[in-house]
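Open the model in your viewer and keep the selection tool at hand. Each stop below says what to select and what is there.

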Amino acid sequence: MTPKVTTEQTTDRWGAISTLINREAKRLAETRGWSRYGIAFGFGALTATALAPYYILPALAVGLCGLVILLDGAMASQTPKRMAFLTGWAFGFGYFLFGMYWLGFAFLVQADQFGWMIPIAIPAFTGFLGLFSALPAWLAAFAWRPGIARIAALAGFWAIFEFLRGNILTGFPWNLISQSFAGTALLAQPVAWVGPYGYSLILVFLAMLPAAALTGAERLSLRPLFGFAAGIAGILLFGIIRLAGEPVFREDAPKLVIVQPNVAQRDKFDSAKQAENFRRMIELTRQEAGEAEPALAVWPENAHPYLANTQDAPGFFGSTLPQGTTLIAGTVRSWEDESHTRYGNSVAIFGTTMDGEKPLDAVYDKHHLVPFGEYLPLKGLLTSLGLSQLAPFAEGFTAGPGPRTFDAAGIKIAPLICYEDVFPRQLYPKNERPELLVVVTNDAWFGDNAGPRQHLDISRLRSIESGLPMARAANTGISGVFDARGRLLQEIPLYQQDVISIPVPSAGARTLYGSFGELMFVFLLFAAAFINFYVKLDATVEHA
């Protein structure tokens, strides 16, 4: 017979576990010197595994709780603010270096010209981003109080600096903590109410909450652990409720045809292969866009250069594409401005007429350019140091005037080019809400690794927070269609040549975040401040 476990035995086991965890937490908190910063770096790298393509979500809690324990030890040192800053920076350096190492692959496309920059540019950039976790740790040190209060302070400052990272110096809101829960539509639904920065605050707070169980007393406190479990259950329940019911499609719209030509980035630079690449996209489009019904075809970023400048393009498309097909194609266009030739990273929309012509209905120029990729900031200084942008023009690209909406085959669309879908609430002009987001991108720069998968998750967040479906055409992948709740209805994996054909999903109602923006984020910040100042829960911490 199986021996019965008595209440006393269970209590003793819990006491032994509590003692062990408290002892190890005390040892970790007391770590000093380079070992401390190496451990912080490791916790940051571990936290990054919660992002695509790994999605090891428990690593978020382990990594962030490790940071809290290290900061507990910093508070007991002779230089608490300095040690908190350095600990936070080491954590951030590990998080961003491991989460964004793939940026170096862009320099390998033209390795003879840019390859030498990898060991300098990537550590320098991710080291700079580390400041956005160093400063929250430093500021939290001023409000560091035992128990749950310190969790609220650090979570609040962390979310504030994510917001700043997403908006200052042109902004770089990539790999927000909220993005770690964007691998599935189920876990990403809260962004519809609180937005990506508000959701980051919630997730950082929940992930750090188990550290509040470490009171330094004989036993671990169960209340923070119950709070952690309740928070995760709440996220799951919220997602289940919002995803109840099947995706809804429009009956009055043309079918959506998304082309993924799978052209290697090196081949896009090869003028001898451009004609073959162009023919490939024409044939792929013809496979799905039949003559009998209208279609809205989407080609990826820079599918073919100078389509908007080529006078023969409307007639050519009229003779090669089915009559009812409207084409949205990524391209590069040029124009003369004050004796200078300007270049735009653009989208061209070719409509359709009764006689089969496909006139150029509209052109959209990318307005949020990628620093160093599409233009060189501080050009005079950096050029003198031997640096240049990856764009194949001496002047780089010229930014467009801002977000726009257009009519394409009777559908109000908002085009976004690559990097532009990274930025929340910058998807379309105010008071011009579209019916469909159209993203054209080219992640071939970054190879078959984390970058394209992280970018897909970012696209999902934009659909959920705006309540709008999205058509996403990527040169080498990942192409796909999201409905207004962020469900990935169809996709083409990386490095596959294929076509998606699907009805246009219906737009959803305007979301709470879409209506009020960061107001809920501000409310959550006030809630974190209230917890820090007024809530007392398991308030004894004696690690050092």
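What percentage of the 544 residues of the protein count as buried? The answer is 56%. Keep in mind that this is a predicted model.

**Whole chain**

Begin with everything selected and a cartoon view. The protein has 18 helices and twelve strands. Its radius of gyration is 26 Å, close to the 24 Å that the globule rule gives for 544 residues, so the protein is as compact as a globular protein of that length. Show the C-alpha trace next. Along the principal axes it spans about 85 × 60 × 50 Å. Now consider contacts with a separation of 6 or more: 71% of them come from residues 24 or more positions apart.

**A distance to draw**

Select glutamine 113, in helix H5 (residues 111–114). With a relative accessibility of 42%, glutamine 113 is partly exposed. Glutamine 113 and leucine 222 are 57 Å apart in space and 109 residues apart in sequence.

Select helix H10 (residues 191–208) together with helix H16 (residues 450–466). Their axes lie 8 Å apart, and the packing angle is about 135°. Roughly antiparallel would need an angle over 145 degrees, so H10 is oblique to H16. Show side chains at the contact. H10 brings Val191, Ala192 and Pro196. H16 brings Leu461, Arg462, Ile464 and Glu465.

**A loop glutamine**

Go to glutamine 179, in the loop between H8 and helix H9 (185–188). Is glutamine 179 buried or exposed? At 3% relative accessibility, glutamine 179 is buried. Now display its neighbours, leaving out residues up to four places away in sequence. Glutamine 179 touches Leu51, Trp174, Gln454, Asp457, Ile458 and Leu461. Leu461 also takes part in the contact of H10 with H16.

**Salt bridges**

How many salt bridges does a search of the whole structure find? There are 13. Several are worth a selection.

Start with arginine 165 and glutamate 162. Their closest N and O atoms are 4.0 Å apart, and the pair forms a salt bridge. Why are arginine 165 and glutamate 162 separated by about one helical turn? Because they stand three residues apart in helix H8 (residues 148–165). Switch to a surface view: arginine 165 and glutamate 162 are both buried.

Move to arginine 453 and aspartate 448. Their side chains form a salt bridge, 3.1 Å from N to O. Arginine 453 is partly exposed, at 27% relative accessibility. Aspartate 448 has 51%, and exposed means over 50%, so aspartate 448 counts as exposed.

Next, pick aspartate 483 and arginine 487. This salt bridge runs 2.8 Å from N to O. Is aspartate 483 buried or exposed? Its relative accessibility is 3%, so aspartate 483 counts as buried. Arginine 487 has a relative accessible area of 17%; the cut-off for buried is under 20%, so arginine 487 is buried too.

Finish with Arg250, Asp252 and Glu435 selected together. Salt bridges with shared partners link these residues into one network.

How values were computed: Residues numbered from 1 in each chain as written. Predicted model: local features only at pLDDT ≥ 70, side-chain atom pairs only at ≥ 80, totals over all residues. Heavy atoms only, no water. Helix = DSSP H or I, 4+ residues; strand = E, 2+ residues; numbered from the N terminus. Buried < 20%, exposed > 50% of the residue type's maximum accessible area, 1.4 Å probe, protein only. Axes fitted to C-alpha atoms, helices over the stretch in contact; angles between N-to-C directions. Parallel < 35°, antiparallel > 145°, perpendicular 65-115°, else oblique. Contact = heavy atoms within 4.5 Å. Rg over C-alpha atoms; globule rule 2.2 N^0.38 Å.
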